[in-house]
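Open the model in your viewer and get ready to select a few residues. We will walk through it stop by stop.

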Amino acid sequence: SSGINAEYGESSPRDKLYFAGPFHEISKSHITLKNLTYKQLIYKIKTTEPKKYCVRPNLGVIAPQQTVTVTVILQPSDTSVFNFQGQHKFQILHTLKEDPNLKKSPEELWAEANPALIFHHKLKCFFETPEQAEQRKRDEKMDVKIDNLKDAAKVIDEMKSKIELLKQQNAKLNISLTETQKQLDIALKPSQFPSLLLYTFIALLGWLFAKFIM
């Protein structure tokens, strides 16, 4: 199967592997592999230029939810590697170890893996001067900051929308409370009818009292 299976694992970097000069001596780069599952993950790394690169370790098992860092070493070269930008490639392959109790070496596990369940993706190699490498790292840090600012701005916009919605709901609630208060005031307002009954009753008592005296 082509492409990376995000349910199994992920790698950093995802598609480009950079090496910084000088190239008359060894140059190192690193690949971080993460197991996203709750099973053991078997991985293997291949390259199109095995004589030029050394991968340590190129085969291994990653514990559940853990990461490993693989070191890639570019051997010293007399020729200009800048002529081969993107031409050297690495292939990262991985599959699940279904039986955690299986006591076998990574080599044996890989040899017995089901080819239909092996997932892979590729990294292309790019070469930089030390100055270019420093500039790229600064740019990457700036990109991260920009992404963080964008995420923060998105959160702020969402909060503003929620606050506006709460204001609208509060305004409707105030209107409802005002109407309820008006209805309550009307219901509790003294009626003229009970007063009239009271006056009639007092007058009747007065008449009866006067009649009794007489």
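Keep in mind throughout that the model is predicted.

**Stop 1: the sheet of four strands**

Start by selecting strands β1, β3, β7 and β5. Together they form an open sheet of 4 strands in the order β1-β3-β7-β5, and the pairing is antiparallel. At the edges you will find β1 (9-12) and β5, each of which pairs on one side only. If you look at how the strands are set against each other, neighbours in this sheet are turned by 20° on average, direction ignored.

Now zoom in on β1 and its partner, strand β3 (residues 27-35). These two pair in the antiparallel sense over 4 bridges.

**Stop 2**

Move to residues 53-56, which make up strand β5. Which residues of β5 are on its covered face, and which on its uncovered one? Color Tyr 53 and Val 55 for the covered face, then Cys 54 and Arg 56 for the uncovered face.

β5 and β7 pair in the antiparallel sense, with 4 bridges between them. Cys 54 has Ile 73 in β7 as its bridge partner.

**Stop 2: two cysteines**

Are they buried or exposed, or something in between? Cys 54 counts as partly exposed because its relative accessibility is 21%, and buried means under 20%. Cys 125 has a relative accessible area of 0%, so it is buried. How many disulfides does a search of the whole structure find? The search finds 0.

**Stop 3: the sheet of five strands**

Clear the selection and pick β2, β9, β8, β4 and β6. These 5 strands form an open sheet in the order β2-β9-β8-β4-β6, and here the pairing is mixed. The edge strands are β2 (16-20) and β6 (59-62), each pairing on one side only. Neighbouring strands of this sheet are turned by 25° against each other on average, direction ignored.

Within this sheet, focus on strand β8 (residues 89-97) and β9. They pair in the antiparallel sense over 6 bridges. Select Lys 89, then find its bridge partner in β9, which is Lys 124.

**Stop 4: a loop residue**

Go to the loop between α1 (106-111) and β9 (119-128), and select Ile 118 there. Ile 118 is buried, with a relative accessible area of 13%. How far apart are Ile 118 and Ile 42 in sequence and in space? They are 76 residues apart in sequence, and their C-alpha atoms are 9.4 Å apart in space.

**Stop 5: salt bridges**

A search of the whole structure finds 5 salt bridges. For one of them, display the side chains of Glu 112 and Lys 104, which meet with an N to O distance of 2.7 Å. Lys 104 is partly exposed, at a relative accessible area of 33%.

Then select Glu 128, Arg 136 and Glu 140, which are linked in a network of salt bridges. Look at one link at a time:

- Glu 128 and Arg 136 form a salt bridge whose closest N and O atoms are 2.7 Å apart, and both residues are buried.
- Arg 136 and Glu 140 also meet through their side chains in a salt bridge, at 3.0 Å from N to O.

Arg 136 and Glu 140 both lie in helix α2, 4 residues apart, or about one turn of the helix. Are these two buried or exposed, or in between? Arg 136 counts as buried because its relative accessibility is 18%, while Glu 140, at 39%, counts as partly exposed.

**Stop 6**

Met 159 is found in helix α2 (residues 130-188). With a relative accessible area of 43%, Met 159 is partly exposed.

Methods. Residues are numbered from 1 along each chain as its sequence is written. This is a predicted model: local features need pLDDT of at least 70, side-chain atom pairs count only at pLDDT 80 or more; totals for chains, interfaces and linings use all residues. Side-chain values use heavy atoms; hydrogens and water are left out. Buried means under 20% relative accessible area, exposed over 50%, partly exposed in between (1.4 Å probe, protein chains only). Two strands pair if DSSP finds at least two bridges between them. A disulfide is a pair of cysteine sulfur atoms within 2.5 Å. Axes are lines fitted to C-alpha atoms, for helices over the stretch in contact, and angles run from 0 to 180 degrees between N-to-C directions. A salt bridge is a side-chain nitrogen of Lys or Arg within 4 Å of a carboxyl oxygen of Asp or Glu.
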